[in-house]
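These are my notebook entries from a slow look through one structure. I wrote down each thing I looked up in the order that made sense to me.

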Amino acid sequence: MPRIAHPAFAIPGAMDSLVALSKASKAVPGLPLALLELMHLRASQINGDGNNVNLHPRLARAAGETSEDRIISVASWRNTPWFTEPERAALALTDAVTRLDDRADPVPDEVWNEARRHYDEPVLAAMVLSLGLVNLWNRLHVATGQVFDPAR
């Protein structure tokens, strides 16, 4: 049972703002939406958000992801053959942005520069914005005890 109502619905206008931010980041030309959903899945796995771990595989499929192997193995992306160099760079960025407190240099130049090698500034900006947003969703869900409802 959730501790409180979902904060995004409890505060007038909050959900509209979060949805607008999501739409803006996803509208950037050249941003691979299926990859973005895999990035969201990875962040949600790290943060232990059961709601989004269940949601983002479906959204990845809807965005064009056709490989169940990729969806299943995103948690161990470093040790699988399913991801390209650009996708690995995006997933490394996901790990770094999500685990800010795990090291002195949370997003090392090596991680950033590898992502920069594969994506232009607007796509990187959209990725970082979107990662910030999925991490916010994860924190809202976990902090307030929002439980995945398979009936949704």
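Predicted model: local features only at pLDDT ≥ 70, side-chain atom pairs only at ≥ 80, totals over all residues.

**Entry 1: what I count as a contact.**

**Entry 2: helix 7 against helix 8.** I looked up which residues of helix 7 meet helix 8, and I found Trp112, Ala115 and Arg116 on the helix 7 side, facing Glu121, Leu124 and Val128 on the helix 8 side. The axes of these two helices come within 8 Å and cross at roughly 130 degrees, which makes helix 7 oblique to helix 8. I then checked the handedness, and the crossing of helix 7 past helix 8 is right-handed.

**Entry 3: helix 6 against helix 8.** Next I asked myself at roughly what angle the axes of helix 6 and helix 8 cross. The angle is roughly 45 degrees, with the axes coming within 10 Å, and helix 6 is therefore oblique to helix 8. This crossing, too, I noted down as right-handed. From helix 6 the residues that take part are Ala90, Leu93, Thr94, Val97 and Thr98, and from helix 8 they are Leu124, Met127, Val128, Leu131, Asn135 and Arg139.

**Entry 4: helix 6 by itself.** I counted 14 residues in helix 6, and the distance from its first C-alpha to its last is 20 Å, close to the 20 Å expected at 1.5 Å a residue. How many of the residues of helix 6 are buried? The count is 11 of 14, and I wrote the helix down as mostly covered. Among the buried ones are Glu87, Thr94 and Asp95, as well as Leu91, Leu93 and Val97. When I looked for what covers them, I found that the cover includes helix 3, helix 5, helix 7 and helix 8.

**Entry 5: the nonpolar cores.** I then turned to the largest nonpolar core, which has 29 residues, and in it Met39, Leu93, Tyr119 and Met127 touch the most other members. Helix 3, helix 6, helix 7 and helix 8 are the elements that give two or more residues to this core, and helix 6 gives the most, with seven.

**Entry 6: helix 3.** For helix 3 I compared the span with the expectation, and its 15 residues should span 21 Å at 1.5 Å a residue, which agrees with end C-alpha atoms that are 21 Å apart. Helix 3 is also mostly covered, with 11 of its 15 residues buried; among these are Glu37, Met39, His40 and Arg42. The elements that cover the buried residues of helix 3 include helix 2, helix 4, helix 5, helix 6 and helix 8.

**Entry 7: histidine 56 and helix 4.** Setting aside neighbours within four places in sequence, the contacts of histidine 56 are Glu37, His40, Leu41, Ser44 and Val134.

I went on to helix 4 as a whole, which has 13 residues and reaches 19 Å between its first and last C-alpha, close to the 18 Å expected. The buried residues there are Asn51, Asn52, His56, Pro57 and Ala60, and they pack against helix 3, helix 5 and helix 8. The axes of helix 4 and helix 8 come within 8 Å and cross at roughly 135 degrees, and the two helices are therefore oblique to each other. Where they meet, Asn51, Asn52 and His56 from helix 4 face Val134, Trp137, Asn138 and His141 from helix 8.

**Entry 8: glycine 13.** Last, I looked up glycine 13, which lies in the loop between helix 1 and helix 2. Glycine 13 counts as partly exposed because its relative accessibility is 37%.

Methods:
Residues numbered from 1 in each chain as written. Heavy atoms only, no water. Core = buried A, V, L, I, M, F, W, Y, C linked by side-chain atoms within 4.5 Å. Buried < 20%, exposed > 50% of the residue type's maximum accessible area, 1.4 Å probe, protein only. Helix = DSSP H or I, 4+ residues; strand = E, 2+ residues; numbered from the N terminus. Expected span 1.5 Å × (residues − 1). Contact = heavy atoms within 4.5 Å. Axes fitted to C-alpha atoms, helices over the stretch in contact; angles between N-to-C directions. Parallel < 35°, antiparallel > 145°, perpendicular 65-115°, else oblique. Left-handed = near helix turned anticlockwise from the far one by under 90°.
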